[in-house]
Every structure is written in structure tokens, then in C-alpha cells.
Amino acid sequence: MTTSTVPYGNLTGPSRLRRLATAPIAGPLAALVLACAFFSLMTDQFLSGGNFSLIIQQVMVVGALAVGQTLIILTAGIDLSCGAVMAFGSIMIAKMAAEGTVPPLVAVALGLAVCAGFGLLNGLLVKLIPLPPFIVTLGMLNVAFALTHIYSNEQTVSDLPRALTFLGETFPLGDTDVTYGSLLALGLFGLFAYLLSSTSWGRHVYALGNSPEAARLNGIRTGRLTIGLYAIAGLVYGVAALLLISRTGVGDPQAGQTDNLDSITAVVLGGTSLFGGRGSVLGSLIGALIVGVFRNGLQLMGVASIYQTLITGVLVILAVTVDQISRKRIR
Amino acid sequence: MSTATTATPVIQARGLVKRYGHVTAIDGADFDLLPGEVLAVIGDNGAGKSSLIKALTGAVTPDEGEIRLNGEVIRFNGPQDARAHGIETVYQDLAVAASMDIASNMFLGRELLRPGPLGSVLRMVDKKRMREEAAAHMADLKIGLRSLTQPVETLSGGQRQAVAVARAVAWARSVVVMDEPTAALGVKESGQVLDLIRRVRDKGLPVILISHNMPHVFEIADRIHVHRMGRREALIKPSDYSMSEVVAIMTGALTVDGDGGGTVVADEAAAKAAGVRPN
Ligand SMILES: Nc1ncnc2c1ncn2[C@@H]1O[C@H](COP(=O)(O)OP(=O)(O)O)[C@@H](O)[C@H]1O
Ligand SMILES: [Mg+2]
């Protein structure tokens with residue numbers, strides 16, 4: 001041993017508490033807790049199981065979209081088509097199931113497959129041509145939007161079979177009623193949190209977002225990985241479509257028109273960097289909850305909804321500023 | 001090149017060509033690496049050194065030419081192919097994932113999975129074992145770092161270089177390639193990288209070292225491959241030439257004569273300016 005060798009006394013790095021305090025989701029989490037504390041003080045109705053259950057129901061559709069959006073943003077991409085793809089999926093599933101063309105579960109499977117197909121097409125265009133994700137998904141947004149209106153004839157689809165509305169039903173948890181859909185959405189977050197943090201696939205996603213060339217030189221098949229990510233994101237939008245149907249109880253061709261921006265808002269508020277390679281779906285869950293808590297709290301306080309939009313906008317700009325500054329500090 | 005005939009080269013290339021549009025980055029280059037040697041590859045900026053190295057390590061596919069590994073003709077379909085054959089590369093820009101920690105970077109693209117169904121079914125990576133093995137490799141190479149859970153972007157240039165070198169050395173089974181590993185480093189850190197190269201050679205692995213730094217090259221190389229305008233200009237022993245002669249060969253002022261013992265003046269004015277004359 002020479003004197004230049006430094007012993008490895010500290011293999012695990014900083015303590016658990018320190019790591020939590022410096023974790024990328026610490027900021028968003030603190031913001032969420034502060035917002036909850038603030039609204040609890042301002043209104044009596046805020047702090048109740050029933051109200052939290054409501055918030056989760058309100059954010060679960062955008063939250064599910066944010067899971068897929070996180071995957072794309074982690075690669076330094078962006079997906080503007082997510083809400084429109086979800087809307088098409090929901091109309092397709094609702095209409096096929098309501099008209100009885102196919103059994104409800106087959107309609108669900110077909111809907112999920114079509115949403116994944118939209119994602120796959122996005123991925124192929126982004127990777128093989130190649131084209132900027134912003135443009136590809138902007139085009140796909142319009143395609144899916146138009147197809148939704150053509151396919152639905154501008155008609156809302158009602159009288160859905162119970163298989164499609166089941167996710168909107170509740171079960172009691174303590175003194176609160178929780179929907180099965182909320183559980184599904186949380187399960188989606190859990191699944192992708194696991195995949196991203198604990199599998200080699202997840203590590204490859206982060207490496208790709210850091211530097212596609214470095215990932216390639218390390219033997220990661222970046223083309224396949226990217227295309228797969230877009231397809232998986234599409235599939236996740238299909239799950240969001242199921243949640244959407246269960247929440248509204250109908251197939252609505254007008255649904256989801258601002259959800260693409262709302263999902264980006266949630267992802268950015270959750271601390272995921274638009275430059276790729278850093279962030280988490282857990283952060284996006286927190287981001288979605290921040291939006292939901294603000295909307296809900298301000299509403300309970302009697303603030304007009306246009307101010308809710310205003311405040312969300314300010315929050316997003318703040319979050320992106322923090323991202324940019326922290327990136328500069330690293331260089 | 002009398003020594004080249006005694007042993008089968010570990011890597012040998014003949015007539016490599018790589019074009020990028022109108023730019024011919026590799027223009028009929030030959031290459032030979034013998035077992036156990038440190039081969040320095042030198043040449044001006046833009047001579048095509050990095051392109052040559054990328055062709056030899058599967059990072060780009062040459063348009064023409066033939067590569068042999070231990071005498072067998074081989075075609076790499078991507079860097080993972082070369083890695084599967086035990087060729088490890090420290091690329092000029094390091095190819096690390098900045099936001100990921102040191103241990104994750106050491107195992108990037110070949111993560112260890114947990115034993116049992118956690119690994120085989122749930123595909124769960126074994127973070128603890130990767131950290132331990134990364135620490136063992138670092139200790140083996142006498143590289144001191146405070147914590148292996150630090151993101152690479154928080155490290156100094158020299159530490160990042162050390163991580164990239166350690167990764168290559170840890171995985172290499174037949175060759176280690178380093179593209180300008182000391183270019184961004186201070187004197188002390190450069191010295192540490194040169195020490196590392198010696199330790200790799202002492203393990204019996206041949207090393208290809210691309211460098212601009214003549215003192216480093218003369219300190220460590222067994223042979224020098226001089227690259228000029230996309231091809232090999234000369235393959236020489238440092239003991240046969242002075243540093244200024246080698247620089248003159250690199251810039252085209254001198255050319256090596258037929259049997260590799262001496263030089264001939266190719267460009268009278270340039271040779272004079274460089275202060276080199278044969279004999
Ligand atoms: N990916 C690329 N696309 C276009 N031109 C390239 C590319 N890589 C290298 N070149 C060109 O090939 C030539 C050789 O470059 P390089 O191999 O990096 O030389 P060196 O490493 O000796 O400085 C340069 O003219 C460079 O501009
Ligand atoms: Mg170079």
C-alpha cells in the first residue's frame with residue numbers, strides 16, 4: 001500500500017438522513033408539505049381523508065400521463081401527444097365496449113395496444129428519421145385529436161359496461177372511500193419507480209438521458225431503448241385512458257385537451273430535468289400532487305379557478321429556473 | 001519493422017478507410033499491436049487518431065479494410081462486440097454518465113443482478129455487490145476516492161479520468177485503449193495515469209495510448225505509431241529516435257527510411273526549422 005491510497009471507510013456514502021435532505025425530490029416534497037400545511041391553516045375542510053381521496057382522484061389521470069411523460073423527459077425528449085393519445089384510447093375503448101362490437105376486456109386490450117402503437121410510431125419517427133420529439137409529438141397530437149373526433153362523430157359515449165366503470169368504484173379505508181382507480185395509478189407509480197431505480201433497464205434510461213453517445217459506447221442499444229420507451233409511454237397513456245373513463249363514467253371526445261401540458265407541469269415540478277438524465281417518477285407523483293393540492297386548496301378558499309392556473313404557471317417557471325441554476329452550478 | 005514478425009499481433013489492421021461525407025478520417029491506415037507492449041499513437045490534431053481507435057474498438061464501422069484479433073479476421077458490430085472480446089476503451093470524452101455514481105458507471109451496460117428470482121425474474125440490480133467490486137478495483141489500482149456513491153459530475157477532471165480508466169482496466173481481458181488520457185490533467189494527475197498504465201502492462205495486458213505529450217510517450221511507450229493524414233506514417237522504437245525527430249515525422253518534415261533505422265528529409269525547410277537533420 002502506498003501513501004496515496006485513501007481507505008474506503010465510507011462505501012455507502014453520506015448518512016441516510018443527509019441523503020434524504022440532499023435528494024432531488026427533497027425540494028418538491030418540502031413544497032408539497034408546506035402547501036398542505038398552508039391550506040390546513042387556511043381552511044377547515046382541507047385536512048380530511050375524504051378531501052385527500054378527492055385530490056388523488058382529481059390528479060390520477062394527469063398523474064398517470066406524467067409517468068409516461070417522465071420516461072420521455074428523462075431522455076431529454078418531450079411528449080405533447082400524451083393527452084390526445086389518451087383521449088383516442090378512451091373513446092375507442094368506450095365506443096367498442098358500449099356498442100358491444102367486442103367484449104369489454106377485449107376493447108380494453110385493443111385500446112391499450114393502439115395507445116402503445118401511437119407511442120411506438122412516435123419513437124420510430126424520433127429515432128429512425130430522426131426528428132425532434134417536440135415536432136413528432138406535436139404532429140401526433142393533431143393526428144390523435146382529429147382521429148378522436150372523426151371516430152366519435154363528436155358524440156359522447158355513455159351507457160358503459162361495468163367493466164369500464166369499475167375503477168371508479170370505491171372501497172373504504174378507515175373512514176375514507178378510496179377508488180380502485182387511485183390504487184391503479186399508485187401502482188403504476190410504484191412499478192415505474194422500481195423499474196427506473198432498481199433494474200438495469202432503468203440505469204440504461206438514465207445513461208441515455210445523460211449522453212446518448214456515452215450510453216452507446218458502453219454497449220447500450222440506444223435505438224431500441226428509445227423506441228421502446230416511447231412505446232411503453234404510449235401503453236401508460238392507455239392505462240390513463242382507463243382511469244379517465246372510470247372517473248367520468250363516459251367516453252368524452254373533448255377530454256384531455258390540456259392534459260399534455262399538465263403532465264409536463266407535474267414532471268417539472270417533481271424535479272425531473274428537461275435536459276434529461278435526472279429525475280424520478282416519484283418526483284412526478286409529488287409534482288402532480290402539488291398541482292392537485294394547490295387547485296383544491298385554492299378552490300376551498302374560494303379563489304377563482306383562473307388564479308389557480310396563474311399560480312400553477314408561476315410554479316412551473318420557478319421549477320425550471322431551479323433546474324437550470326442547479327445544472328449551471330454543477331458545471 | 002523487424003520485431004513485428006516474431007509474435008502474432010493482438011490487434012492488426014490493414015488498409016482501414018473511414019469517410020464522413022467529404023472528410024476521409026482514416027485513409028488506408030495500417031495498425032499493429034504486439035502482446036504485452038505499450039504502443040503510443042501520436043499525430044497532429046485531426047490526423048485521425050480517435051477515428052482509428054473507434055474503428056479498432058467497434059465504435060465506428062470502417063468502410064474498407066480488415067481487422068484481425070489474435071490473427072483471426074473480425075468485424076465488430078458496435079462497441080459491445082469489442083468489449084465482449086476483452087477490448088476496453090477510455091474514449092477521449094470519457095463516455096461516463098455524469099449524473100450517475102461511480103459504481104454505476106463502472107458497471108454501466110453490464111450491471112450485476114441480484115442472485116435468485118430477484119435478479120432472474122424481477123431484474124433487480126445488485127447495488128451492494130457492484131459497490132464492493134468497484135471499491136476493490138479502485139483499491140487494486142490504488143485510486144483513492146472518498147465515496148463511490150458520488151455522482152461522477154461532482155468529481156474533478158483527474159478523478160473522472162481515473163474512474164474511466166479504472167472501468168476499462170477492470171473489464172479488459174485482451175487490450176486497454178486510452179485516447180488522450182492525460183490531456184486534461186495536471187502534472188501530478190498525469191503521473192498517476194502513467195503509473196496506472198504501467199500497472200496494466202505489468203498485469204500482462206497490452207495498452208494503446210493516444211497522446212500528444214512527447215515526454216509521456218517517451219517515458220512509457222515500447223513502440224510509437226506515428227499517424228499522419230489518416231494513415232500510419234511510421235512505426236518506430238523510441239530508443240532509435242530523438243523527440244524532435246519524432247515530432248518532425250509527425251509534422252511531415254522527416255520520413256522514416258526503408259528499414260526503419262534512420263530518417264530522410266522530406267521537407268528541407270521544415271526540417272531545418274525543427275532543428276532536425278538525419279545524422
Ligand atoms: N463523427 C464525425 N463526423 C464528421 N467528421 C469527423 C467525425 N469524426 C472525426 N471527423 C473528422 O475526421 C478527422 C479526424 O478526426 P479525429 O479522428 O478526431 O482526429 P484526432 O483524434 O487525431 O484529432 C477530422 O477532420 C475530423 O473533423
Ligand atoms: Mg482525438
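This is a predicted model: local features need pLDDT of at least 70, side-chain atom pairs count only at pLDDT 80 or more; totals for chains, interfaces and linings use all residues.
Author: In it, Asp195(B) and Arg198(B) sit three residues apart in helix α7 (residues 187-202) of chain B, about one turn of the helix.

Reader: What makes the contact between Asp195(B) and Arg198(B) a salt bridge?

Author: Their side chains meet at 3.0 Å, N to O. The cut-off is within 4 Å, so the pair counts.

Reader: Why is Arg198(B) called partly exposed?

Author: Its relative accessibility is 25%. Buried means under 20% and exposed means over 50%, so Arg198(B) falls in between.

Reader: How do you know that Arg198(B) and Glu219(B) also form a salt bridge?

Author: The N to O distance is 2.6 Å. That is within 4 Å, so the name applies. Arg198(B) is in helix α7 and Glu219(B) in helix α8 (residues 214-220), both of chain B, so the pair ties together parts 21 residues apart in sequence.

Reader: Why does Leu310(A) count as exposed?

Author: Its relative accessibility is 53%. The cut-off is over 50%, so Leu310(A) is exposed. Leu310(A) lies in helix α14 (residues 305-330) of chain A.

Reader: Why are α4(A) and α6(A) called roughly parallel?

Author: The axes of helix α4 (residues 82-99) and helix α6 (residues 133-152) of chain A cross at roughly 20°. Angles under 35 degrees count as roughly parallel, so α4(A) and α6(A) qualify.

Note on methods. Residues are numbered from 1 along each chain as its sequence is written. Chains are lettered from A and ligands numbered from 1 in the order in which they are written. Side-chain values use heavy atoms; hydrogens and water are left out. Helices (H or I, at least four residues) and strands (E, at least two) are DSSP runs, numbered from the N terminus. Buried means under 20% relative accessible area, exposed over 50%, partly exposed in between (1.4 Å probe, protein chains only). Axes are lines fitted to C-alpha atoms, for helices over the stretch in contact, and angles run from 0 to 180 degrees between N-to-C directions. Angles under 35 degrees count as roughly parallel, over 145 as roughly antiparallel, 65 to 115 as roughly perpendicular and the rest as oblique.
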